[in-house]
Amino acid sequence: MAAEKTSSRGQAWFCTTGLPSDIVVEVDDMAFHLHKFPLMSRSRKLHQLIAEQEANPAAAAPATQAPGRREEEGAGAGGGGGEGDGDEIEEVQQCHIALQDFPGGSETFEMAAKFCYGVKIDLSALNAAPLRCAGEFLDMTEDYSEDNLISKTEKFLSQSVLKSLKDSIRALRSCDRVAPPLAESLEIPQRCVAAIVAKASAADPSLFGWPVGDGANLGRGLASQALWNGIETNNRRKREARGNNADSWLEDLALLSLPLFKRLISAMKEADLSSEFVETCLMHYAKRYIPGVSRSSRKPALPSSSSSASLAPSESEQRELLETIIANLPPEKTASRSSGPPTTTTRFLFGLLRTAIILNASEDCRASLERKVGLQLEEATLDDLLIPSYSYLVETLYDVDCVERILGHFLDAAGGADGGRRLERSPVLMLAGKLIDGYLSEIASDANLKPEKFYGFAISLPERARLYDDGLYRAVDVYLKAHPWISEAEREKICGLMDCQKLTLEACTHAAQNERLPLRVVVQVLFFEQLQLRHAIAGTLLAAAETGAALEPGRQSESRRGDDDDDDGGGGDEEEDAEVVEQEPVGEMAVAVAAGQGTVRATWRSAVRENQVLRLDMDSMRTRVHQLERECSTMKKAIEKIDKDGSDDGGGVGRANGGWRGSLTRKFGCKFKTQVCDSHEPTVVDTRKGRHRHRH
């Protein structure tokens, strides 16, 4: 059969050997014009079908008429059999067989037909499973013909495909082209899944480069690694090979159909594979088919299999896939390895959460995902928390309720890890506090955010999560600027969120000049600012006292030496020489003691002077605050009186509203001028001095 050639025209497949074909086999929409003898020598099923038709030719005649005409037309177009082939083909009565639900379709039958003709076929991980099922379908067993298709494919599967992780995944993917009952009866999917799990559990996770991040980030990370003296090291090449190896088999894993993928993940979890391994597979699969999860590629990739429809998954399919991914995520927090960025998993989880909200996933699905995100909130970024509000029932720009629930899960987990005791000030808690303060500053500019919602979310974070309240002060300032219409009581309630004692000196300076803050808050800020200065002065004095105490022993030893010299005034020449020798170190110590005492006295005088100045400033500030309170009370009474007079005069509403500012200006000698607070404006002391000059 070495001279055999095959050709395909339209929907017909021909074997041009110089002999007319005597059988037509239809598989799907393809007609194969073949010869009986090669097929009957290898396949018991085809032998039986051909024998049945030869025993009853009358029933087969109508069925073979149309294929005969098709072959005559094909031969006339140059089928490769010569000019006389058409006359011979017209005289041969053909047998027609239609094979329904053939495993692997026409492509697999073509390879099986070539095998029957003795043509060498190239077995691979993608065609071994369909050919094994085709051999079973055609009954190409070893007892019927030696070295048949079943034995060849079975040997290749066992000795080659199932020995490799990548080939096992490809063989499992090829099972989608085969009818499930036949593949299940041969246990091909079970064997592929078992081989994948066994290879994955026995392999070192470092060989696959966990965790898997975005391809762009991985490429940039490898490209940015510095070379030693301009030479590419062997370790660098090994890391690149590991990354390529992981990406290659993960790409094949992502091409599995959803039922096979669910089956594989279930087997991995039953085999107690590491949660990091399972989560990496889920991440890669979700990034391929769910749009919006991966920031590097917003469009979902499509399977490259020829049997798969080149259509994007529908919304219901995406929802089913999303719920499958979330249901199989490990409930515990996944430990991040040093080989990848620690925020990759957290960013992926937030992408899943956004997609779950858009696709309107079930409440259980969203609650499970929020709980998973809450376990690793400290690894999130501010951009992750800014989840838009997709519901028409919510007026706010961002989904504050979702982030508040995530924060609740984080605090519950932190409290449970602490044994139910009060939350300690840990680095994880501090990171979460800084992140939430930044989130508060972002959502504070939303005009639709109610004061109750802002206050409730801000107070949900414990005080021990903040070392300083500068971030909280910034959020409060932004909220007051974006909501100037709120009442004075709500303004004071929101300002009560921050602790003035935990503000830094820069924040105190800005708050003291902030006209948006209530007067009571400004007074508290000034008071604690002065208190901080007093503590600083007290610390300086304490340091000076410690320096004096350290120099006191030297002064006492010097006085004792002087007394001894007075008592021993009649010594000999040797004692006088010794005294002369010892005078030099004693004199140096005396100079040091005198210098130290002078420094202590100067520091004490400056500290006393600064303390007196601060006391005077505090007294003047207290007097000025009382004056401002009295003026404010008088102004309120005057405004109420003017409003009352205006309401009594029905036609003079416009005049009353337009003239009350001028009346107050003439009465109190003050102007209503709005100033914009800036952190670079003059300090409180300079402003206070300006007020004194204005009064005098």
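This is a predicted model: local features need pLDDT of at least 70, side-chain atom pairs count only at pLDDT 80 or more; totals for chains, interfaces and linings use all residues.

Q: Which residue does Tyr-439 form an aromatic pair with?
A: Phe-457. The two rings sit edge-to-face, 5.6 Å centre to centre, with 65 degrees between the planes.

Q: Where do Tyr-439 and Phe-457 lie?
A: Tyr-439 is in helix 20 and Phe-457 is in helix 21. The pair therefore ties together parts that are 18 residues apart in sequence.

Q: And Phe-457, why does that count as buried?
A: Phe-457 has 1% relative accessibility, and buried means under 20%.

Q: How many aromatic pairs does the structure hold?
A: Seven. In one of them, the ring centres of Phe-102 and Phe-109 are 5.3 Å apart and the planes meet at 85 degrees, so that pair is edge-to-face.

Q: Are Phe-102 and Phe-109 buried or exposed?
A: Both are buried.

Q: Which residues do ring pairs link into a cluster?
A: Phe-32, Phe-102, Phe-109 and Phe-137.

Q: Let's zoom out. How many helices and strands does the protein chain have?
A: There are 28 helices and five strands.

Q: What share of the residues count as buried?
A: 39% of the 696 residues in the protein chain.

Q: What about contacts between residues 24 or more positions apart?
A: Take the contacts in the protein chain with a separation of 6 or more. Residues 24 or more positions apart account for 72% of those.

Q: Now the strands. How many residues of strand 4 are buried?
A: Five of five. Strand 4 spans residues 30–34.

Q: Which way do the residues of strand 4 point?
A: Met-30, Phe-32 and Leu-34 point one way, while Ala-31 and His-33 point the other way. All are buried.

Q: In what sense do strand 3 and strand 4 pair?
A: Antiparallel, over five bridges. Strand 3 covers residues 23–27. Within that pairing, Val-25 stands opposite Phe-32.

Q: And strand 3 with strand 5, parallel or antiparallel?
A: Parallel, again over five bridges. There, Val-24 stands opposite His-96.

Q: What is the phi of Asp-28?
A: Positive, about 55 degrees, although Asp-28 is not a glycine. Most residues other than glycine have a negative phi.

Q: Is Asp-28 buried or exposed?
A: Exposed, because its relative accessible area is 53% and the cut-off for exposed is over 50%.

Q: What about Asp-139?
A: Asp-139 also has a positive phi, about 60 degrees, and is not a glycine. Asp-139 lies in the loop between helix 6 and helix 7. With a relative accessible area of 25%, Asp-139 is partly exposed.

Q: Switching to helix 22. How far does helix 22 reach?
A: From first C-alpha to last, 18 Å, close to the 18 Å expected. Helix 22 has 13 residues, 470–482.

Q: Which residues of helix 22 are buried?
A: Leu-472, Tyr-473, Ala-475, Val-476, Asp-477, Tyr-479 and Leu-480. They pack against helix 20, helix 21, helix 23 and helix 24.

Q: Last one. Which residues of helix 23 are buried?
A: Arg-491, Ile-494 and Cys-495. They cover an arc of only 100 degrees around the axis, which puts them on the same side of helix 23.

Terms used. Residues are numbered from 1 along each chain as its sequence is written. Side-chain values use heavy atoms; hydrogens and water are left out. Buried means under 20% relative accessible area, exposed over 50%, partly exposed in between (1.4 Å probe, protein chains only). Helices (H or I, at least four residues) and strands (E, at least two) are DSSP runs, numbered from the N terminus. Two strands pair if DSSP finds at least two bridges between them. The expected span of a helix is 1.5 Å times one less than its number of residues. Contact means heavy atoms within 4.5 Å. The arc is that of the directions from the helix axis to the C-beta atoms. Rings of Phe, Tyr and Trp (its six-membered ring) pair if their centres lie within 6.5 Å; planes under 30 degrees apart count as stacked, over 60 as edge-to-face and the rest as tilted.
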